[in-house]
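This report describes selected features of one protein model. The structure is shown first, and the description follows.

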Amino acid sequence: MKVQCEARVYSSLVKIFPEAMPPVRQPECGRLTALKNERVSFQVAYAVNVPEREERSAAHLCARVEVISPVARYVKVREVICVPNDYPCHIACDDNYLRTQPGLYPDLLAELHGGMVRMVPNRWKALWVDFYPDESAEAGEYEVRLRFLDEQSGEVLCEAEQRILLYDAVLPKQTLKRTEWFHADCLADYYHVPVFSEEHWRILENFIRCAAEHGINMLLTPVFTPPLDTAVGGERTTVQLVRVWADQGPEGWRYRFDFERLIRWIRLCLDCGIEYFEISHLFTQWGAECAPKIVACVNGAESESRIFGWDTPAVGGEYTGFLEAFLPELLKVLEAEGVRQRSFFHISDEPSAAQQESYRVARESVAGLLQGQVIMDALSDVEFYEKGYVTLPVCASDHIHEFLNRGVRNVWSYYCTGQWNEVSNRFIAMPSARNRIYGLQLFKYGIEGCLHWGFNFYNTAHSRYPVNPFADTTGGGAFPGGDPFLVYPGEGGAPLGSIRLMVFEEAMSDLRAMNMLAERIGREAVIGMAQEELPFEITFRNYPQSDYYLIHLRNRINARIAELFA
């Protein structure tokens, strides 16, 4: 039977759904430019078209994918896999979503098995293609051609090509501080390995290295098990880097600490490319009313038991004495490892206005112990900053203009499940342009860092039980699909990427390129390029939504860089 195969090139910002015809070709998005030391991506959609009566005979058609290009050594090809998304968005949502109904959505990026793909009759699939030239790559315009060959006969079934213009300029290092909360417990739970066993450390390294390779340069460090997304009275799997011995004597409790695992963590992170350390929160989430879970060997016991948790008041009890013993010792270790000035502390995540007093009291209980250290927390209420409770405000993107309009300048930004209306986000159901625009917004407003709560959160909401992220992308139906994680846990303890991970990296590359150009022509001139011909001012809520705008702007920036840095 003679089959008809077709391959089409699309930008990284299109999402190909299997049951629908791909969108109309976008030739205006087809010109890609790149700088050295950055990853540029595009997609090749492919399908085999057969009459319905012959679908079964074509169901086993497999093709070998070949990359034909003078720069093939810089090219990596992965398969785009659709994943279940049974909660794409909240009931209330704006109109900038691709779809709002449950179904299969393209997101997971999987390695090709032996360079082969299965061509499903009358269903569109896609390949994700990365071009990642290092500093030694020779500038020039290159063709990257993907050819599909019949597994049995070797016959060419179809092919597609993308041309990329590589400029003779090197993209500089990222200066934005970026953290995606890293959940060490979820890796132990998913892979069924003992916490901090050698196998757990191997898996941790794989995921930490992946994070660093994609622009994450700060890592949540579980000095004690992070009190995040945990039901009141519940517990998450213990991942406590600092070992504690607690002994009760006539004068009260005495504590000893072993920092060996923390030191190993710090050195591993540095080796992987992590530069900054985010010390896990010292008090419980949403108000700082209790102590986090802490385990210790008590009165000479060999096994550990919980000594603090939901039943421990945040301030005024034994936990305050514990922190007075612990924090000075922690700072000595951070200093000895050379990372004290690159370590950031938290009090409590996302306190509300009603919890201002409990947050204040908790903050004051450790203020004298953390003098000279940066205290950062995710906020929506600007009063926490104005009253001096938070050194570094991490502002919800839908409230960030309230901070900026009051002259706050040392601002970070974050978004999560609550930032679903108008602002940038990266739910699976959102167009990729809504993900990538964030880089431009961060540049325009001089944002110093960005935070997201889920690099690899594989639990339900409040961590009531683990989930299989390949089957549940919504944290048990609590979050819009994709919000809890950016990477999937692959075989052998290796992470698998996602479309959202790669597009956010493109946003970071956009930011790096704009910073590079601003060094020569000034920030306002670069902002002027972004605003050119737009009938509105770009804000966190109001921004261009087309794929073409982002790709064309980046091409213009690259061309200008090539002129000035040649």
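## The four-stranded sheet

An open sheet is formed by 4 strands in the order β14-β13-β16-β17, with mixed pairing. Its edge strands, each pairing on one side only, are β14 (252-258) and β17 (305-308). From one strand to the next, the twist averages 45°. Strands are DSSP runs of E with at least two residues, helices are runs of H or I with at least four, and both are numbered from the N terminus. Two strands count as paired if DSSP finds at least two bridges between them.

Strand β13 (residues 243-249) and strand β16 (residues 294-298) run parallel and are joined by 2 bridges. Trp245 has Cys297 as its bridge partner in β16. Helix α4 (residues 318-336) lies across β13, β14, β16 and β17 and runs at about 35° to β14. Axes are lines fitted to C-alpha atoms, for helices over the stretch in contact, and angles between N-to-C directions run from 0 to 180 degrees.

## Basis of the model

The model is predicted; local features need pLDDT of at least 70, side-chain atom pairs count only at pLDDT 80 or more, and totals for chains, interfaces and linings use all residues. Residues are numbered from 1 along each chain as its sequence is written, and side-chain values use heavy atoms, with hydrogens and water left out.

## The five-stranded sheet

Another open sheet has 5 strands in the order β2-β10-β9-β4-β7, and its pairing is mixed. The edge strands, β2 (32-36) and β7 (116-118), each pair on one side only. On average, neighbouring strands of this sheet are turned by 35° against each other, direction ignored.

Within this sheet, strand β9 (residues 140-150) and strand β10 (residues 156-170) run antiparallel and are joined by 10 bridges. Glu141 has Leu165 as its bridge partner in β10. Helix α11 (residues 547-565) packs on the sheet and touches β2 and β10, its direction making about 45° with that of β2. Contact here means heavy atoms within 4.5 Å.

Ala494 is located in the loop between β23 (488-489) and β24 (495-496). Ala494 counts as partly exposed because its relative accessibility is 31%; the class lies between buried (under 20% relative accessible area) and exposed (over 50%), using a 1.4 Å probe and protein chains only.

Leaving aside residues up to four places away in sequence, Ala494 touches Tyr191, Asn206, Phe207, Tyr488 and Pro489. Ala362 is 132 residues from Ala494 in sequence, and their C-alpha atoms are 39 Å apart in space.
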